[in-house]
Each structure stands twice: as structure tokens, then as C-alpha cells.
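Here is a briefing on a predicted model with two chains to look through. Start with the confidence values, then go on to the sheet, the symmetry and the helix contacts.

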2 protein chains.
Amino acid sequence: MAEAPGAVRPTVGLLGGGVIGGGWAARYLLNGVDVILLDPAPGAVPRLEQVLSAARRALSRLTLAPLPPEGILTITDSVKTAVEGATIVHESAPERLELKQELLARASRAAAPDTLICSSTSGLLPSRLQAGMEHPERFTVAHPFNPVYLLPLVELSGGERTDPATLERAGAWLTGVGMHPLTVRAEIDGFLSDRLLEAQWREALWLVHDGVATVGEVDDALRYAPGLRMALMGPFLTYRIAGGEQGMRHFMAQFGPALQWPWSKLTDVPDLTPEFLDLLAAQSDEQAQGRSIPELERMRDDCLVALLQGLRGAGQGAGATLVEWERELMRAAAARHAPGAGTGGADEHDEARPLELVARQIPAEWIDYNGHVHESRYLQLAADADDALLARLGVDAEYLRDGGSYYTVETHLCHLGQLHAGDAVTVATHVLGGDEKRLHVFHRVMPAGAAEPAATAEQMLVHVDTTAGRAAPARGAVRDRALALIAAHAGLPIPDRAGRRIERSRS
Amino acid sequence: MAEAPGAVRPTVGLLGGGVIGGGWAARYLLNGVDVILLDPAPGAVPRLEQVLSAARRALSRLTLAPLPPEGILTITDSVKTAVEGATIVHESAPERLELKQELLARASRAAAPDTLICSSTSGLLPSRLQAGMEHPERFTVAHPFNPVYLLPLVELSGGERTDPATLERAGAWLTGVGMHPLTVRAEIDGFLSDRLLEAQWREALWLVHDGVATVGEVDDALRYAPGLRMALMGPFLTYRIAGGEQGMRHFMAQFGPALQWPWSKLTDVPDLTPEFLDLLAAQSDEQAQGRSIPELERMRDDCLVALLQGLRGAGQGAGATLVEWERELMRAAAARHAPGAGTGGADEHDEARPLELVARQIPAEWIDYNGHVHESRYLQLAADADDALLARLGVDAEYLRDGGSYYTVETHLCHLGQLHAGDAVTVATHVLGGDEKRLHVFHRVMPAGAAEPAATAEQMLVHVDTTAGRAAPARGAVRDRALALIAAHAGLPIPDRAGRRIERSRS
């Protein structure tokens, strides 16, 4: 959430701190937005801490983009405190119409008239929810998905009295915190996703009820094939591809008749007898293999992170949302770090010290068959530090577009210790020398709390005119800042390992 | 598919070369299995070539494990030729009962009595399919998913006359080519996956029919959140997590009543009027944004590869299947490359030349913001060559388990050219020197057809006793082979860039 200098910090009011409310809190706080959360329950704080800790871990693995300083969390037992002064309010109370109506009505009286007020309901109609509200025109359903801090989808659905501009405002705001708003065209129970899921869920219950499959087998029937496709495309694109070049009409001609086959019992539901519930519970226990909910959640989050990263690489679906969010984070960080931005924070430190431009936790997917971080990842950390250094010098999207860039031409890596998944590391960057064309840098990969680096990387970067395809001096402010930094680091002691070569060892 | 020395090569008979039959062909051929395919249609060969080319691209990006030499594809117009001598037969004809019955019956008469005979039907009952067969006990449905060469799920469903041992044999065989067999406990139309998908599909059609959403919006309602989860877990585990530590019983108590809400029209189907079909076709065209089916398939495959790699990192679901398959590929490759295995192939070349142990195509996800391969990937290529070198020396899972390994302690990289997505490269590895504890290697990353390397990587590897945590001599045959290779390479000319250091450049 980039903000103009001097702007009032936006605040979010959250009504309810359960799975969904806690997820909203985590998404907002990690996007640098302050949150005031209504939750009078005694266990609220430790539960929120747990969600926040899971979200911090997940986002640190999800993106290398610089997250802003975390927002401030305030917990209150007053609706008024939660909503007054809020830019947006999310109600995430249990799915009971009267309870939600009452809470939304109270919030609407306490909030400023232009505060956006949203409900996280997964199926109740917006016209009914907004019935008792003041200024109902600023109300919309904004239905997110668990875990809210990772999954980008949020369904927007306005009621009869909702101003269309409300949907636009809510959509723009939610896009700013990395979400993908999807506006539902008509008021309908369950909106889109939950109707599609509910259809499948009923069929799943029948399959277990009739002994055709266990709960684990039903899940496997999805996750080993159709579910993989569904992470990137829904049924319509899937079937378009199956239908070949002749498009959807051809597919429907081929498979439309199959819709009349008696393949489901979908509007019926099995009676939830004690016996059937026993069966479900026992099979579910077996499927969980003794894993606790936090363990399962961590597995889920790790997989979601990996899936989102995969889709980001392909630029598709939720991966494209992630790319947009990262761009926004980069823009916001550039605004914070810009020369003269005067944040007074950690970035303002003395330039005559090695720079600490990278801090991150080692993700599990960096581990090789020896249980150590794969050697190429040490170079990735060095390259990340180079990227951060270049950003600091002012090498931005515009500079790149104008044909200026630095390329690494040579690297010398020394492996001195081992890193493991979850280790926190920083990279300390010392500019050993250079000129208007070159930057000679020395990175130390420092495990948190360690006196000695786990690895060092000495590198030579050359400034390139990418249009001409040859080395060329850096330009304008980038050149000036590079020369200033070279000068500022000139007095630092030369590291032991600088200038090393691999000694010949012919036996 | 590891095979005993001197064993007859297994052959697969495929009846039908459409989307599914072609996918089977690709999966088998790339797993080193010979295929005889029945497809009298004139366009069969170019269509199969296209599938094979897509599959080669996908698998080269999916895994670094060594794929075996491709199997041999024979196309025939005779059922007898396709099935006689086959270990297993897959019928993938159009979904018409009589057509399939007739084809399966003919195949059963021509095949050896113990040949496994499978149908790829997505919904017809196995008891009906096997009705006219000889030796119906060796019949099972083996229902795969498109693209068959990437998605691991295969549903197995036997009929009344199927021998349970047939399901076991088919399951073990399919596991060997990287699939995840799932046996359905009862005969039921549509098996598991298609019933679950059909339920969702009917609801999706209603949503579009009623103007609640476009086809693109329905797809988005899945792929931006629920579909991501579904790549790793089905509804039961998802809802278990939502229900918290109290398990499925608690979830059902909370959400069971919602099953009675009138949220779907699922057993009804919208009339497929010309107007509705027009609407579907137009929206589907819009969603495709002019992309052809091959373009969409490539996007899909790239995403699936990325998703599978993500799940592999997390060791979950289809990722676990991938890990198992890679282990099998490694075992098979080790058997092929073992000293004395005498394959007579490319690996038998003169040891007194640099070794070419890595050959691959650059995947798109290796590209950085400059449009070049990220610098850390050059080191990954070098590390891959090290891994292949160590495998050649006999460093295998057992050697690692016994506490022996080589660690890289130092690397010097020179970047000399640029690689782009899709470029084919090999890595030429020259052992510059070493002794029983050390290997001093020099890798050249060679773009296909180029005279000069795109990068060089000089590395020092040290043999380690991982139990004691210190450098130690290599053991047994690994030591002997290492010393022999060092001696064999001793006469090779020293590369120009060996022993380089980064020159100080303080300005």
C-alpha cells in the first residue's frame, strides 16, 4: 500500500478474529496496514499470534519482494473503536444472518459514512445483510478463502442498495493488498465458488456414504489430476482444450449428451446419521495420520507457496496476481528507500559500512539431497543482494527500459558453513571498488547471530548499454550514486577471501 | 522401467491414438517402453509427433532425473499386431459401449492370455466392457487424465469377472511409469473423479445459463483459490483443517445443516438450446483470447510442470509420486551406466576427453528480469554436472547413507555469453586434478552448436565423512574411479580460464 508522503495511515477494522478474521488481520498487517480487531474472546491474542506467525513464514517464502514494515495490531472489545476512522471494515462473524445483520448495522452507525463495510459471508445474500445498515450503499460482500493471507480470490457481491462505485472502490483496495477481486453479476446464495464446491462436496459425501471410496480416496481422486489442472484453469478452459481447435461448441456436441447420464445424486444429501458421521470421522482421522491442524496448515501453506511460485513463473492465474502484488511492493519499497525519502529507518545507516540489503529465511525447496542448501542458492542470495544494491543506486524499471543495466561477468564463491531450511540469513555487501563502468562487490552470507559467514561471494558487475549490447558507463544519478558508494566503502578493510583463486591441485 | 539384463523388452499395445491414446504413447515412450499403436487414421503420425514433442518438452522441464533412451513407436492398422506380444494393452477408443466391447473382444482373442487389457473409458462400467472378452479376468478400467504424460492419476476399476490380482499387476506396472493408481471400491458410472467433476460442471453450466457469471468468471472462481487448494488436497482434508482440532465431526456439526440449503440445481441440466450454446461458445472464445489449442496446451503443461515441481519440493500428493518416479529413473540409469554394464552407448566414450554428463533445455522459469538466464542457474548446471560425475564414480544412495559425500567448497564462475529459454546446452566437464580427497573440476556450459562456452565454472570438491563432519578420503571403488579419472584427464590441455581470480579494481 504505497501512500503519499504525509498521508494518514489507512486503518482496517475487523469484526471477528476467527479463521477468516485472523487471516484478514495477517494479510493486512503484513501489507503494512494497521488493524483494529474486535474480538472479546480470551484466546484471541495467542490465536492471532499463531496465524500471524504462519503468515510471516508463508510470505517470507512466497516472495523476495520487500514487504513493508508490519502494520500495528490493536485488539478491542468495542465495535465503535474497531470501525471509527477505518478505511474499510470486514465483518467475519459466524454464518448467522441475524448476528451479522446486527453487527453490520452497529458498525454502520459508528463508522464514517464513506467507510467501506464488507461481510466475509460465504453464502448469505448481500441485500439481506445490508437491510439494517446506515448508508447501505457502501456495503458489499467480500468473500475471501482460507488461508486469507495466501489465497488471492475475493468474491465481491453487492446488494440491491449497493452503489456500483462501492464494488470498484473495494476491488481497487483489495488489489492493493495482493488479492484478485471477482464481482458476481447477480445476487445468488453461495456466490460462485461455494456453489461449485458445494456441488462437489455433496457428491463426495455420497461416494463415502455408499462405500465407493474413503475420504482419502475421494481427495486423491482430485489432487492427483483434476485438482492440479484446477489450480490453473477451471472446467471451461479445460474442456475447451479437450475439445480441440473446434472450440466449446464441438465439445458440447460431443459431451453434452453425457450430461443426461444419471451420474449423480447431487441435490439429495445423505442422512447425517450417527453411523455415517462415525464413518466420516474415523476415515478423516486415518487420512490425517495423526498430524495436528497446525502441522496440516503448515503443509498446506508450504504447498500453496510452491504452487503460487510455480504459477508466477508461468505468469498464469494466481501467479499473475502475485506478480502484480510484487510490483506494487517494489514500488512502495522504492518510494521508502528513495534517496531523500527520509524514512529515518534502518536504510539510513552510515554508507561507510557494508550494506545489509537482503534478509530472508531459507525456504525448504532450496535443500539438496544432502540436506543442505543447494550451492546455486548461495549465488542466488548474492544476486539478490546485487539487485537490492542496484535498486538503491536507482536502477529501476525505467532505467532498464532505457537500455542501462549491470551484468555479472565473474563470481568467486567460497562455501564455509552450511545453511538449513528455516535459517534466517542476511547478506552484507561491501563494494571493494569499481568505476563508472564496473562494480566490484564482496558479499558475506551471514546466518543470524553468527560471527562468521556461511559463504562469501566476490563478484564483478559491468554496466551495459543493452541496446548497443556492450559495456558502457553508468548514466546520470546511477553513476553518481555508484561512485559515491565506491568512495564511501574505500576505507573498509579488505576481506581475507577477496581476490582468491582456486589453486591448481594436479596430483 | 528397470529391466533385468537380457530380459525381453516390454511392449505396450495401444488401441486408438487420439488425445488419450497419444498421451499414453508419450508416457510410455519417454519411459523407455516400446509402443505399437493401432490408428489407421491418415493424420495419426503428425498428431502423435506433436504430442510427443510436447511431452518431451514437458518432461525435460519436469525432472533432472535421467530419462531412459526413448522406446520405439510402431504404428499399425491391425489389432493383432498391436496386441500380440504386448505386456499390457490400453484401449482408448471413443466413448461408445458397443465400439469398445467389440475392440476389447478382438484384442482379447489376439493377445496372449496373461496380457493385461485395460480400457481408458472415463465412465463406462467394466463388467459391461469385459462382457465379450476371452480371459476377462485380466481386464480392468485404467482411466487416465489429460495430459496423460504429465498427470499421475489413473483410476482402476475391475468388473464382476476381473481377478483382483489384475488390479495389483496393473497398479504396479503403472506405478513404474510414474503414475498413481487409485482403485475404485465398487463399480459405478463415472468412477470417482468424473462424478466429482460432473457435479461441478453441471453447476457451472447453470451459473453461465442464468447469467450469474461468464465462463471466464466461473473458471476464475476456482483457479484463484479453491483450485489451488485442490492441487494438494480434496474437500475432506480442506474441511478438516477448517474445522480445527476437533476434527471432521465438529466440521459436520457446524456445516452439515448448510447441506440442506437450496444452493444448487445439480441434477437438472440447462437445455442446450442454440442460444445457450452460442453464449457458451462466444464466452469461451473470449476467454481463449485468440490462443490456439497448442498454445493453451503449452501454457497448461508449463503450469502443471511448475505445480508438480512445487508439490515435489513439499513432498505432497502428485509431488510424492514424482519423487518415486525419479528414484526409479535414477536406479534404472545407474543400472545402465554402472561400470561394466556394457551398454555400448554414448557413455562408453574415451575417458581421456572432457565428459558430457549434462544435456538439457533451458526452462522458462530460469529467466531473470533482463530476459537472460539468472546467474545462479549457471552454477546449477555446474552442480548438475558434479552430481552426474559423482554418480559415475559410484556415489549413490547407499554411499551417501554410509556417510560418504563430496561437498563443493569453492567455485569460480565466468559469464561469457547469454542463454535464453529453450536453448539446448550441454556441460563438458574436465577433471583438472585432485587426489583421494579432492576433485578439481572445470565445467564449460556449451550452447548447442556453439564453439565457445556461455559460461565456465571451476570448482573444488572435497570428499567428506558426513558422520564425522570432516574431510576424509573417498572409499573403495569411488576412490579408485576418481583416481583413474584424474589420471585419464591429466593430459588434457588446461583451459584458459582455469585458476582465474577477480582482479582488484579499486579506483
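pLDDT is the predictor's confidence in each residue, from 0 to 100. Chain A has a mean pLDDT of 84, and 88% of its residues reach 70 or more. The model scores ipTM 0.71 and pTM 0.71.

Residues are numbered from 1 along each chain as its sequence is written, chains are lettered from A and ligands numbered from 1 in the order in which they are written.

- Helices (H or I, at least four residues) and strands (E, at least two) are DSSP runs, numbered from the N terminus. Two strands pair if DSSP finds at least two bridges between them.
- Eight strands of chain B form an open sheet with mixed pairing. Their order is β3-β2-β1-β4-β5-β6-β7-β8.
- β4 (residues 88–91) and β5 (residues 116–119) of chain B pair in the parallel sense over four bridges. H90(B) stands opposite C118(B) in β5(B).

**Helices on the sheet**

- Axes are lines fitted to C-alpha atoms, for helices over the stretch in contact, and angles run from 0 to 180 degrees between N-to-C directions.
- Helix α8 (residues 215–223) of chain A lies across β7 (153–157) and β8 of chain B. This helix runs at about 140° to β8(B).
- Helix α4 (residues 97–110) of chain B packs on the sheet. In chain B it touches β1 (11–15), β2 (34–38), β4, β5 and β6 (139–144), and its direction makes about 170° with that of β5(B).

**Symmetry of the two chains**

- Copies are superposed by least squares on the C-alpha atoms of residues with pLDDT of at least 70 in both.
- A rotation of 180° with 0.0 Å of shift along its axis superposes chain A on chain B, with RMSD 0.1 Å. The two copies are thus related as by a two-fold rotation axis.
- Of the interface residues of chain A, 100% are also interface residues in chain B, so the copies meet through the same surface.

**Helix contacts between the chains**

- Angles under 35 degrees count as roughly parallel, over 145 as roughly antiparallel, 65 to 115 as roughly perpendicular and the rest as oblique.
- Ala, Val, Leu, Ile, Met, Phe, Trp, Tyr, Cys and Pro count as nonpolar, Asp, Glu, Lys and Arg as charged, and the others, Gly among them, as polar.
- α8(A) and helix α10 (residues 235–243) of chain B pack at about 115°, with axes 7 Å apart. That makes α8(A) roughly perpendicular to α10(B). V215(A), V218(A), D219(A) and L222(A) meet P235(B), F236(B) and L237(B). Six of the contact residues are nonpolar, none is polar and one is charged.
- Helix α10 (residues 235–243) of chain A and helix α7 (residues 193–209) of chain B pack at about 105°, with axes 10 Å apart. That makes α10(A) roughly perpendicular to α7(B). P235(A), F236(A) and Y239(A) meet L197(B), W201(B), A204(B), L205(B) and V208(B). The contact has eight nonpolar, no polar and no charged residues.
- The axes of helix α12 (residues 274–288) of chain A and α10(B) come within 10 Å and cross at roughly 90°. The contact involves L280(A), S284(A), D285(A), Q287(A) and A288(A) of α12(A), with F236(B), L237(B) and R240(B) of α10(B). By class, four are nonpolar, two polar and two charged.

**Backbone details**

- The peptide bond from N146(A) to P147(A) is cis, with omega near 0°. P147(A) sits in the loop between β6 (139–144) and β7 (153–157) of chain A.
- A cis peptide bond also joins N146(B) and P147(B), with omega about 0°. P147(B) sits in the loop between β6 and β7 of chain B.
- H135(B) is not a glycine, yet has a positive phi of about 50°. H135(B) lies in the loop between α5 (126–129) and β6 of chain B.

Note on methods: This is a predicted model: local features need pLDDT of at least 70, side-chain atom pairs count only at pLDDT 80 or more; totals for chains, interfaces and linings use all residues. Side-chain values use heavy atoms; hydrogens and water are left out. Contact means heavy atoms within 4.5 Å.
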